[in-house]
Amino acid sequence: ESSCNLFLAALDKVGNTDMSCKLFNEMKARGYAADVMTYNILIHSLVKAGRVEEAEKYFEKMRDDNCSPDKVTFSVLIGMLGKAGKVETAHDLFREMITKGVAPDVVTYNSLIDITGKAGNTQQALQLFHEMECKGVFPDVYTYNILIYGLGKQGQGKAAYDLFKKMISTGHTPDVITFNHLIDALGRSGAVDLALELLKHMPRHGCTPDHATYTILIDRLGKGGDLKASKDLFKEMLVKGCKPSSYTFNSLIDNLCLGGFYDEAHHLYNQMTDAGCPPN
RNA sequence: CUUGUUUACGACUAU
């Protein structure tokens, strides 16, 4: 049975979901028992493949199989429901797991906070953050990143920045994703100067800007009409040895086109393949 | 090397 799980995990990695289902049926047919991990791996594979209905079917199957879902099962399903836009159902499931005596951990909370924030309910996301702290489930860097992202997407750059400061003052270590989310949040709420300031402060926090960091700022500067600053930052990125991605080129090209600079846009387009990122 | 959580461009959603 445990070798079946190993096999399922390998199939999950390569994304061969059909084969996973086959293997599951095969093992059942041969009378092997599926444990909670078997179901978790399979359900997660189905979710990744966008096969939500089948994932739900296997979740129901667990019941008949006398196999109790654990915190991983619930976390996977919560994430799935969120992506399907069923955030309320996800909250119901969260309550259900608690009722059933399955204690949510930091990943469960992170998943729920993420989908709640992405649905635009930042208030409720922050409430869950508070709730987990009260329950002694300690927030990690994911928790902060998720919250900062949610706040940013709602245009609450100030709140995102405040949370970042709280994070630092409580001894949490930010990572490059924290900065990317925060820089994006600030840019969206018009605080581009502060966003640029943060870019400079990253090394002080042990973080190195990556291609996403630069692209976020390059795009924001361009969208704000400052093509000069946008292009300068692109040059800086290259000078610092950070490789641009298709996103970077696409963003620059888009903003140049919006500004009417078609020749320059075309010039950049011609450079993409040589730069290692062919047009996508 | 047995399972779960977060990021950037574009896209019928723009002014």
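**Notebook: a helix pair and the RNA strand**

I began with H13 and helix H14 (residues 227–239), which pack at an angle of about 165° with their axes 7 Å apart; the axes are lines fitted to C-alpha atoms over the stretch in contact, and angles run from 0 to 180 degrees between N-to-C directions. H13 and H14 are therefore roughly antiparallel to each other, a term for angles over 145 degrees. Helices here are DSSP runs (H or I, at least four residues), numbered from the N terminus.

This is a predicted model, in which local features need pLDDT of at least 70 and side-chain atom pairs pLDDT 80 or more, while totals for chains, interfaces and linings use all residues. Residues are numbered from 1 along each chain as written, chains are lettered from A and ligands numbered from 1 in written order, and side-chain values use heavy atoms, without hydrogens and water.

I then looked up the contact (heavy atoms within 4.5 Å), where residues of H13 including Tyr 214, Leu 217 and Leu 221 meet residues of H14, among them Leu 233 and Phe 234.

Next I turned to RNA strand B, which has 37 residues around it, with Met 37, Ser 75, His 181, Tyr 247 and Asn 250 coming nearest; a residue is near if one of its heavy atoms lies within 4 Å of the strand. Sugar and phosphate make up 44% of the atoms of RNA strand B that come within 4 Å of the protein.

Last, I noted polar side-chain atoms: that of Asn 250 lies 2.6 Å from a base oxygen of RNA strand B, and that of Lys 223 lies 3.4 Å from a phosphate oxygen of RNA strand B.

Notes: Polar contact = N/O pair within 3.5 Å; in protein donor to acceptor, adjacent residues only side chain to side chain. Helix = DSSP H or I, 4+ residues; strand = E, 2+ residues; numbered from the N terminus. Parallel < 35°, antiparallel > 145°, perpendicular 65-115°, else oblique.
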